[in-house]
Amino acid sequence: MTDPHASPHAVDRREFIARAAGGLAAVSLLPDFSLARQPSPGGGVRVALVGAGRQGRDIIAEFAKIEGARLTALCDVDERRLASGLRRTPGAAGHATLDSLLGAADTFDAVIVATPTPTHRAVAERVLPSGKHVYLECPLAHTVEDCAAIVAAARGAKGTVAAGMHARANPVYQLARGFFRSDSVRDLVSMRAQHNHKETWRTPTNDPARDKALNWRLDPSVTTGLAGEWGTHQFDVFNWYTGKYPVAVRGSGHIALHDDGREVDDTIACSLEWAGGEVLQYAATLANSYEDTYEVLYGTNAAIKLAWTHGWLFKEADAPTQGWEVYANRQQFFNDEGITLIAGATQLADQGKLKEGVGLPHSSLWYALADWLAAIGDGNAPATSVSEAARATAVGIAAHKAITSGDRVEIDLSAVS
Amino acid sequence: MGTRFELVIAGARAPRDRWPAIAEAALDAVSEWHARLNRFDRGSFVAWLRERPPRTPVPIDADLLGLLTLCERVWRGSGGTFDPAHGRFAEVRLDPVTGTLAFDTTGVELDFGAVAKGYALDDATGVLRELGVTGALIHGGTSTVVGIGAPPGAPPGTSGWRVQIADAGPVVELRDRAMSVSRNDDPAQRPGHVIDPRTGEPAVARALAAVVGPLAAPTDAWSTALLVMPDRPGSLDADLTTILPDEKGGWRVEGPDALRVCAPRAVPE
C-alpha cells in the first residue's frame, strides 16, 4: 500500500544527492538551471475566463502581458462584475451563465476557472469533460469530497489540465527547490511561514442580494478561512520541497481587528506535523502587514527564505563554500547576509546584469498561466497537477478544521490520493 | 505612482463598520492603476508595452483607451507641453475604432506620471460613489485631491472640503470637485523637476499652477502643462478653473468655479 502522505514523485533527498552526484557540480556552478516556460508567441490559444471577481481581474491583467494567448470569452453570473471585466478584455464576448458560455464552445480552446472556491466543483465538472484545456484556480475546493470529485473529473479530461498552485511554476521557487534538494541546505531542521496582510476580506456592496455571494470568504458554512485560502498555497511549497505531506495539524484563531460581526477569524496560527517529526509553524493575519508573505526552510547548512518574487539563501558559517558564491549578489538583513536567488543568473552575469535579475519581473500568477499555456503548446505536463493541488487543498482544509475546532486533526489524504 | 494616497470617509449610506471595506475597495482601484502604469516596475503593462516591436498594434482595454484619449486631447490642446511620451507622443498611434495602440519607432515609452494620479483618483471616486459614499476627501501625494460632498459639521457658508494651496495660497472649496497643484522648484534659482517636453529644458513659466474641475485626470494633466505655458490657453476645457500666481504676488483665478476660491483670511476658523 502506498503512503498517501508521500508524493508519487518523491525522491528521498539523500538518494537524490547520490543519483545527482555527477550533476551536483553543475548545480553549484549554474544556480539557474530552472527557467520559466512561456507559451509560443504564435500559439494563439483562445481562452475563456469563468469568474470576473478579484482573482479574475488579476488574471485579466496578467493576460494582457502574455503573448500567444487571448481572452475571447468572459463568464460571470454577477452582472456588474461581468460588465467591469468586459471593459478590461477587448474583443471578448460576455456570458451571464455557464450554459451560455459552453453553448459558444467554438469561440475558445481553453477555460480558466476562477470562481469562488465553493463553486469550483460545479464549474469543473462541466468544463473538464468538454474537451477543452482547463486551468483550475486554487484552493481546488472547500471540501475534501469536492476535491476528490474534481480529481475524478480531471482523469477523463482530454485537454491539458493545470491547477493554480503558483509556487510550482515560479522560477525563484523552482531554483530554490534545486538548492534544497542538493546539499546546500542539508538536513531539514524546521519550517515556518506567514501571510500578513492588513485588509478586511470584505467586498462592499449596496445590494443585500449580492452580499452573501460576494463575501463567501466570510461565510462560516463554506469558507476555509486564511488556512485554506492562503495557507494551501504556502503549505504546498513544503509539500513540494520535501516530497511529503503533513500527517496532523493543530491550531487556533481569533478576531484581532475586524470586529464587524464576522465569525471567521482574521488571525490564525497552526502547527503542521510531518511523519519524520518535522514541524511547520504557520501564522496568518488580516490585522497587520509586517513582512507580508513568505516561507522559510531551516537546514543544518543553510536556510532558504522565499517571498514569491524573491528568494535568499542564508548559509551557516560552517557550510562549505561553492565556487559560484564569489559572484553572487548579496543582501543584508540585520545581522544576516542572504545570497539572492536569481533565476537565469549565469546569463545575466555574462551580460554584467546580475543585479537586474534580483526579483522576478512578473507575479507568480503570470508564471502559472504562462506555464499552462506552454504545456498546451508543447504537450508536456504543467507545473501543478490536479492531484497535487487536491492534496495541498486537503491539508488547508484540515488546518482550517483544526483552527475552528481547537482539536488536533489528523490529515487523511486517502480520498485524494 | 511612488506616492502616498489617503482617504477620509465622512459619510456613507452603509453602516459605519462597512466603511473600512469601502475605503479598501477605492484604494484597491488606485493600486490596480499603479500596477498597470508604473514604468519602473518590469511587470507593469506600460513596461511590457515599451518592449513591443514598432508598428505592431496592441489591443488595449476601454479604460486605458480612455486615459490615452484624454492624454492625446491635452497634448494637442497644450501644444505638446503635456507629453506622456517624453516629447515623442507624436509617434504614438491610437486607434479608437480597433482599440489598439502602436508606436512608430523603437524607444517610445509612455510615462503617465503627470496624469496617473488623477486618473486613478477618478476611478477610486467612482468606486466610492457607487458604494454610496456621500462625504469623502481623497488625495494622491497631496498634489491632486478630490472632495465628495462636504465634511460633517462644516461651518456655515462653506459648501465643501476646504483645501489650501501651498502654505499661504488661496483656499478652494471642493464639493464634488477635483483640484491638482503642480509646483516647480523655484525656477529662478535652480532647475525644477518639471521638464518642458518640447525643449527638454526645465520648465520656467511659473512656479505653481492649480486647476479645479469635475474630474481629477484633466486637472492633473493641465496643471502640469500650465507650469510651462505662459497663459491660460483657449484650448483649455471650459469646465476647468485655473489658479495661477500673478505678477503682483497675488492670484489670478479664471473659470466656472472661481467663486469657490477665496483668500486664506476669508476662511472662517
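How are α6(A) and α7(A) oriented to each other, roughly parallel or roughly antiparallel? Keep that question in mind as you open the viewer.

A word on the model before you start: it is predicted, so local features need pLDDT of at least 70, side-chain atom pairs count only at pLDDT 80 or more, and totals for chains, interfaces and linings use all residues. Residues are numbered from 1 along each chain as its sequence is written, while chains are lettered from A and ligands numbered from 1 in the order in which they are written.

**Stop 1: two helices in chain A**

Select residues 120–127 and 144–155 of chain A, which are helices α6 and α7. Helices here are DSSP runs of H or I with at least four residues, strands are runs of E with at least two, and both are numbered from the N terminus. The axes of α6(A) and α7(A) are 9 Å apart, at an angle of about 10°. Axes are lines fitted to C-alpha atoms, for helices over the stretch in contact, and angles run from 0 to 180 degrees between N-to-C directions. α6(A) and α7(A) are therefore roughly parallel (an angle under 35 degrees; over 145 counts as roughly antiparallel, 65 to 115 as roughly perpendicular and the rest as oblique).

Now show the side chains. A:H120, A:R121, A:A124 and A:E125 of α6(A) meet A:D146, A:A149, A:I150 and A:A153 of α7(A); contact means C-beta atoms, placed from the backbone, within 7 Å. The residues of this contact divide into 4 nonpolar, 1 polar and 3 charged. Nonpolar covers Ala, Val, Leu, Ile, Met, Phe, Trp, Tyr, Cys and Pro; charged covers Asp, Glu, Lys and Arg; the others, Gly among them, are polar.

**Stop 2: helix α13 of chain A**

Next, pick residues 386–405 of chain A, helix α13. Just after α13(A), look for A:G406, with a positive phi of about 80°.

**Stop 3: a loop residue facing both chains**

Move to A:E199, in the loop between β7 (188–196) and α9 (208–214) of chain A. A:E199 is partly exposed, with 16 other C-beta atoms within 10 Å. Leaving aside neighbours within four places in sequence, A:E199 is in contact with A:L286 and B:E24. Its C-alpha atom is separated by 6.9 Å from that of A:A287, 88 residues apart along the chain.

**Stop 4: where the chains meet**

Colour the two chains separately. The contact takes 18 residues from chain A and 23 residues from chain B. On the chain B side, α1 (19–37), α2 (45–50) and α3 (62–77) each give two or more residues, and α1(B) has the largest share with 7 residues.

**Stop 5: chain B**

Of its 269 residues, 42% count as buried. Select α4 (residues 116–130) and α5 (residues 216–228) of chain B, whose axes come within 7 Å and cross at roughly 170°. α4(B) and α5(B) are therefore roughly antiparallel to each other. Among the residues that meet are B:K117 and B:Y119 in α4(B) and B:A216 and B:T219 in α5(B).

Technical notes: Contact = placed C-beta atoms within 7 Å. Expected span 1.5 Å × (residues − 1). Buried ≥ 20, exposed ≤ 12 C-beta atoms within 10 Å, placed from the backbone.
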